[in-house]
Structures are given as C-alpha cells and as structure tokens.
Amino acid sequence: MTEPRLMGRKDAAAYCGIAESTFSLWVATRRMPPCIPGTRKWDRRAIDAKLDEISGLDVIPAEDRYTKWMRENSGETDLQKWRRERDAGRGPR
C-alpha cells in the first residue's frame, strides 16, 4: 500500500520528524508550505521541496559562497532578482 500524498498536521509533523508545535511554527514562519487552500492537509511533495531547500539540496551549484551571501543579504527586490536571473541566463554578450 502506498502512502497518501496528502496528510494532516500530525502526520506531516511525524513525516518531518518534528513535534506538531514545531511544524506549526515552521508553517507560520514559511519554513514549511501552508496547507492546501480549503483543507487542513499538506502535500507530501511540497514538504519534500521545502526540506530540500532547508537542507541546501536546491542550491545552484555554480553559485559561490560570496554570491549566495550577497543574494541572501542584499535586500534585493523581487524585480531585481528576476532581472539578475534573466541576465545570468543570457550568458556573455
């Protein structure tokens, strides 16, 4: 039998290996995704994606530590971030 993709708060916390109160805190601070709108269920894949992000598994390998620090601490707006990522994808001109 396969595990259900959607799970309640108690099961989601157990899946992450943390207490329900910690899971609630992580949801409130956006470390974990919110529940699916109109439900009290969390998507297993969304939780996996956030855990990958927290663990650093989705970090761009070509990004050095200084560039990562600057990106995370620059106060860059979403528009500036979009432009930087767009320009980085274009390559040298």
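**View 1. The whole chain, read along the sequence.** It goes β-α-α-β-α-α-α, with helices (H or I, at least four residues) and strands (E, at least two) taken as DSSP runs and numbered from the N terminus. That gives five helices and two strands. The radius of gyration, taken over C-alpha atoms, is 17 Å, well over the 12 Å from the globule rule for 93 residues, so the chain is more spread out than a compact globule. The rule here is 2.2 Å times the number of residues to the power 0.38. Along its principal axes, the C-alpha trace spans about 55 × 30 × 25 Å.

This is a predicted model: local features need pLDDT of at least 70, side-chain atom pairs count only at pLDDT 80 or more, and totals for chains, interfaces and linings use all residues. Residues are numbered from 1 along each chain as its sequence is written, and side-chain values use heavy atoms, with hydrogens and water left out.

**View 2. The largest nonpolar core.** Ten residues make it up: Met7, Ala12, Ala13, Cys16, Phe23, Trp26, Val27, Met32, Trp42 and Ile47. Two or more of them come from each of α1 (9-16) and α2 (20-28). A core like this is a set of buried (under 20% relative accessible area, 1.4 Å probe, protein chains only) Ala, Val, Leu, Ile, Met, Phe, Trp, Tyr and Cys residues joined through side-chain atoms within 4.5 Å.

**View 3. Around Phe23.** Leaving aside residues up to four places away in sequence, Phe23 touches Arg9, Ala12, Ala13, Cys16, Ile18, Met32, Trp42 and Ile47; contact means heavy atoms within 4.5 Å.

Methods:
Buried means under 20% relative accessible area, exposed over 50%, partly exposed in between (1.4 Å probe, protein chains only).
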